[in-house]
Amino acid sequence: MTQVKTGDTVRIHYRGTLNDGTQFDSSEGRDPLEFTVGSGQIIPGLDKALPGMAVGDKKSVPVVAAEAYGPHNPDASQAVPRDQIPADIPLEIGTALQMRTPDGNAMTVTVAEVTAETVTLDANHPLAGKDLNFDIELVSIG
C-alpha cells in the first residue's frame with residue numbers, strides 16, 4: 001500500500017476546530033484540499049502529520065499555535081486616528097479590511113478596538129496564538 005512521503009501531491013478532507021470545539025474551517029461540501037507535502041503550502045503541524053498515511057486513512061491531529069499560525073504578535077496591532085479612515089468603512093469589531101502596505105501589497109487587518117479618537121487594526125492572522133485540531137482523511141496521493 002502506497003504511503004505519503006514528502007514531495008507527494010495529496011488531497012485531503014479536513015475539519016478544523018479550536019480546543020473548545022468551535023469549527024473554524026472544513027472541506028465539507030467542497031473539493032478536497034490539494035497540496036504538495038513538505039512544500040510549505042499548509043501549516044507545518046498539519047504537514048508533518050501526513051507522511052506515512054495511506055489513502056483512506058483518517059486521523060485526528062492536534063497542532064500547537066507555534067506549528068500553526070504562530071503566536072499572537074502585539075506589534076502587529078496599530079492604533080490609527082479615526083479621521084484617517086474613510087467614513088464609509090465599517091468599524092465593527094471583528095470586521096476584516098483590506099489595506100495597502102507602503103510598498104503597495106494588499107494586507108488583511110481586523111478591527112480590534114474602536115474609540116472616539118482611534119481605530120486599532122490587527123494584522124495578526126485570526127488564528128494566531130491558538131492551538132488547533134484537525135480531523136483529516138487522505139483521499140488521494142499523486
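Reader: Which residue in β7 stands opposite Arg100?
Author: This is a predicted model, in which local features need pLDDT of at least 70 and side-chain atom pairs count only at pLDDT 80 or more, while totals for chains, interfaces and linings use all residues. Residues are numbered from 1 along each chain as its sequence is written, and side-chain values use heavy atoms, without hydrogens and water. Strands are DSSP runs (E, at least two residues; helices are H or I, at least four), numbered from the N terminus. Opposite Arg100 stands Ala106.

Reader: How many bridges join β6 to β7?
Author: Two strands pair if DSSP finds at least two bridges between them. β6 and β7 form a hairpin with five residues between them, and Gly104 in the turn has a positive phi of about 95°. The two strands run antiparallel, and the bridges joining them number five.

Reader: Which strands stand at the edges of the sheet?
Author: Four strands form an open sheet with antiparallel pairing, in the order β5-β8-β7-β6. Two of them each have a single partner strand, so one side of each is left without a neighbour in the sheet: β5 (77-81) and β6 (96-100).

Reader: Is Glu117 buried or exposed?
Author: Glu117 is found in the loop between β7 and β8. Buried means under 20% relative accessible area, exposed over 50%, and partly exposed in between (1.4 Å probe, protein chains only). With a relative accessible area of 57%, Glu117 is exposed.

Reader: Leaving aside neighbours within four places in sequence, which residues is Glu117 in contact with?
Author: Contact means heavy atoms within 4.5 Å. Glu117 and Pro81 are 36 residues apart in sequence, yet 6.0 Å apart in space, C-alpha to C-alpha. Beyond its neighbours within four places in sequence, Glu117 is in contact with Val80, Pro81 and Arg82.
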